[in-house]
Amino acid sequence: MEDMRYLTFALGKGRLAKKTLELFEKIGITCEEMKDKDTRKLIFVNEELKLRFFLAKGPDVPTYVEYGAADIGIVGKDTILEEGRNIYEVLDLGFGKCRMCICGPKDAEELLKHHELIRVATKYPHIAKDYFYNKKHQTVEIIKLNGSIELAPIVGLSEVICDIVETGSTLRENGLVVLEEVCPLSARMVVNQVSMKMENERITKLIADLKREIERKDLA
Ligand SMILES: Nc1ncnc2c1ncn2[C@@H]1O[C@H](COP(=O)(O)OP(=O)(O)OP(=O)(O)O)[C@@H](O)[C@H]1O
Ligand SMILES: O=P(O)(O)OC[C@H]1O[C@H](OP(=O)(O)OP(=O)(O)O)[C@H](O)[C@@H]1O
């Protein structure tokens, strides 16, 4: 135990953070310091288990993991696809479930069907490009936005959007519908490629513990 090095976790801020900490707690990994809402501290340590945790913007998580600044990351599948980093995706955590979809007003269906040159607004330009160019073989103009994507077809910036749909209420409240599904999404655990070799025993055990907990919850 004495010469064990710290394993570092990068957790995506926002929606996934709370569920991630709850899941870790269930397998005996706690980080009390991190629950303090008022803290400006960025990095938290569990001395006993030799673990360190930090919160980062979702899209930065794969970056920290690729460079080895974090051994392990927890992040949405959307972010993994969008960032395209050299990392191992090792586990589907089963929460943060949603879908990447092409959405728009109902009448945009015809434009899609006839492969018209449409504009696609999205926070995920790589996912959108891959979908339209490689899967659908359709030429489109992709417009990168940073949030409130549903606005784009309403104000005439684009014909459709490529965005996350969870409950569908944002679409409904703005008169938009799902036109096509790109792929299902959920939170994933990612691992640095060198860490996977150097810390194989600890990381393999962590994956097995998490898997057992996720399966137990699925059965309940
Ligand atoms: N309804 C949802 N909207 C967006 N993301 C969701 C939703 N449900 C689950 N997720 C998952 O949660 C992850 C993190 O979502 P979060 O809202 O915290 O990030 P974000 O919207 O990219 O952040 P920000 O608000 O800083 O732009 C997403 O990458 C996605 O995998
Ligand atoms: O299907 P729903 O349950 O309505 O969830 C989907 C909405 O939530 C997300 O937006 P977010 O709240 O992250 O805001 P943003 O658009 O500013 O990123 C996503 O981009 C959709 O707009």
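Glu 141 counts as exposed because 12 C-beta neighbours lie inside 10 Å, where a residue is termed exposed with 12 or fewer other C-beta atoms within 10 Å of its own, buried with 20 or more, and partly exposed in between, the C-beta atoms being placed from the backbone. The structure is a predicted model, in which local features need pLDDT of at least 70 and side-chain atom pairs count only at pLDDT 80 or more, while totals for chains, interfaces and linings use all residues. Residues are numbered from 1 along each chain as its sequence is written, and chains are lettered from A and ligands numbered from 1 in the order in which they are written.

Glu 141 belongs to strand β8, which covers residues 141-144; strands (E, at least two residues) and helices (H or I, at least four) are DSSP runs numbered from the N terminus. Apart from neighbours within four places in sequence, Glu 141 is in contact with Leu 117 and Arg 119, contact being defined by C-beta atoms, placed from the backbone, that lie within 7 Å. Between the C-alpha atoms of Glu 141 and Met 100, which are 41 residues apart along the chain, the separation is 18 Å.

The protein chain contains 9 helices and 11 strands, and 31% of its 220 residues are buried. Of the contacts with a separation of 6 or more, 69% join residues 24 or more positions apart.

The shell around ligand 2 (residues whose C-beta atom, placed from the backbone, lies within 6 Å of the molecule) includes Gly 147, Glu 150, Asp 163 and Thr 170. Strand β9 (160-165) and helix α7 (169-173) each supply at least two shell residues, and β9 gives the most, with 3 residues.

Note on methods
Contact = placed C-beta atoms within 7 Å.
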